[in-house]
Amino acid sequence: MTKSNLLLIGLLIILASCSTRKEKIPETPAMPGKSEKMIIYQMMTRLFTNTNTTNKSYGTLQENGVGKMNDINETALLGIKELGVTHVWYTGIIEHALLTDYTEFGIPLDDADVVKGRAGSPYAIKDYYDINPDLAVNVKNRMQEFEQLVERTHQAQMKVIIDFVPNHVARSYKSDALPEGTKDLGLGDDKTVSFKPTNNFYYLPGQSFQPPEGYNSLGPNTFPTKDKKYTEQPAKVTGNDQFTATPGINEWFETVKLNYGVDIQDNRKTYFDPIPDTWIKMKDILVFWANKKVDGFRCDMTEMVPVEFWHWAVPQVKAINQDIIFVAEIYNPNEYRNYLINGHFDFLYDKVQLYDMLRLLVNQHAHAVGIPQIQESLKGVNHQMLHFLENHDEQRIASPAFAGDPWKAVPAMVVSATIDQSPVMIYFGQEVGEPGAGAEGFGGEDGRTTIFDYWGVPQHQKWVNNGKFDGGQLSVEQKQLRQFYGDILKLCSTNQAIARGNYFDLTLPCLQQSAISPFVSVFARWDGEENLVIISNFNSNLEKVKVSIPDELASAMKLEKGKAYVGRDLLRSGAEIGFNESLVAEFELPAYSSFILKIK
């Protein structure tokens, strides 16, 4: 049997499974006041404005430089705003463990044996109530500089999102910026037992923590605390639930797990009455930052914290600002509705479904029929899924590990941005094809932009252009790519059919009519008089496409059979595609491209 025959049989099996009647998924009511489509721009704050091009592996702050909050000025923010952005996610704002000496400011040295990289992970929080000193021009005024950044962002008519890391903290956690009357985490813990509902941490009584054998956070470099003499007695449980005093190098050994009243070793037995002390402390932290006028929290590893905590805490924070948003980093689709309904989250990561599917499609390792399958599985909550193709955890599109060419992801970006009412996010540098190249330090050469080390981001730096933020060093092709991102994101935030309209899949009916290849996605979005048909070609070859608008969709769009229409592409191609009296259009779609046809 030929490979093509096998492919056809596989496709028919998929189509048959799609037509099987499924149990009805309960609808989740739309959230009031959330009809505007959010466009999020994530930046690694310490890298965004760094113009140093040294890029020495494991380089110090002095050698490789670091970006400052004050450098994110009005011009920089307007450059982000012009992409259509509504929210800026400032990653790495809260103080975390790092290996630069700030002892002159009263900040104790962190231990190099339990810090990943020179600049440290922004998810190993050292003080929930303070700002990363790396980001400040004047370290003593670091909180004021953050408040000014929030104000500048608001003046640029964008909102501010920061990270909330609730599951774990740095092993060196100790707050020196506690508000008056607040007790620090771990004070009063009973360290003679592994678990106690009133404890903030889990312990391993009688055992001393040992950093991973052979761990080296600094390569060949030295540091006063790089001595393999880290002391923690008794050992605390590691952030990813490792009940061992000797976690491996691939575990989250630089962090310790917070105790929310769940006995993890006793079948996750819960003790939520009375309210655990950790709940109160973490709610107070959220309230603290809400009062700093931040507009949202991206909540790290949400599923590792019991949904009951979110059910209790989120409404209390929203009582301060009803428009504040909560975004959950979540990877278990079986828990999506639980965290939306019971956890009161506004939005969830759509990583394991749409992101994974689009990445496979970009590399032609999957078929476009998977897209409507995902949409069906998320029926009722589609508008609450945050779509993205890059973030700090994922490999860059332009890296050899993903696509190797940023233009190959154009159809994926169009689908990600336009498929429903949900937010869409890009990661700084994505819009100019940053490949994440270089062995920065702890992370090594992995296709990601480092979150662990001081570094310059070369292609993004061309847009920064020594602080002018005008793209002056970008190539013509990079300017074209950034223009594409601006076009698609601005269209998403302004077009009523995309921002708040309905969705209708056309991929399945087109496949059943053999009108498209398995690498072409087709769907419609409409609202009122605004009718769109969106076609994306994930193939490396030009595709001949035939799109028929069925009677059900024609009725919804108020299109009449027996009348011809024209679909004009809104993505600058200039294409005008005719739909005949039977509402059928036939045309050619170039490789790795999309049409967003406005039908009139």
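Which side chains meet in a salt bridge with 3.2 Å from N to O, and involve lysine 283? I found that the partner of lysine 283 is aspartate 284, a salt bridge being a side-chain nitrogen of Lys or Arg within 4 Å of a carboxyl oxygen of Asp or Glu.

Before going further I noted that this is a predicted model, in which local features need pLDDT of at least 70 and side-chain atom pairs count only at pLDDT 80 or more, while totals for chains, interfaces and linings use all residues. Residues are numbered from 1 along each chain as its sequence is written, and side-chain values use heavy atoms, with hydrogens and water left out.

**Confidence**

I looked up the pLDDT, the predictor's confidence in each residue from 0 to 100, and found an average of 93 for the protein, with 94% of the residues scoring at least 70. Over residues 1-35 the pLDDT stays under 50, although the model has 41 contacts beyond four places in sequence for them, contact meaning heavy atoms within 4.5 Å. Where pLDDT is low, the predicted coordinates should not be read in detail.

**Salt bridges**

Returning to the opening pair, I read lysine 283 as buried because its relative accessibility is 15%, whereas aspartate 284 is partly exposed at 30% relative accessible area; buried means under 20%, exposed over 50% and partly exposed in between, with a 1.4 Å probe and protein chains only. I also noted that salt bridges with shared partners join Asp163, Arg298, Asp300 and Glu329 into one network.

Next I checked aspartate 110, which forms a salt bridge with lysine 126, their closest N and O atoms being 3.2 Å apart. This pair links distant parts of the chain, 16 residues apart, since aspartate 110 is in the loop between strand S3 (94-96) and strand S4 (125-131) and lysine 126 is in strand S4. Strands here are DSSP runs (E, at least two residues), numbered from the N terminus. Both aspartate 110 and lysine 126 are buried.

I then turned to lysine 196 and aspartate 190, whose side chains meet in a salt bridge at 3.3 Å, N to O. Lysine 196 is partly exposed, its relative accessible area being 33%, and aspartate 190 is partly exposed with 22%.

**Glutamate 586**

Last, I located glutamate 586 in strand S23, residues 584-589, and counted this residue as exposed because its relative accessibility is 60%. Apart from neighbours within four places in sequence, glutamate 586 is in contact with Val545 and Lys546. From glycine 117, glutamate 586 is 469 residues away in sequence and 54 Å away in space, C-alpha to C-alpha.

Definitions and conventions. Helix = DSSP H or I, 4+ residues; strand = E, 2+ residues; numbered from the N terminus.
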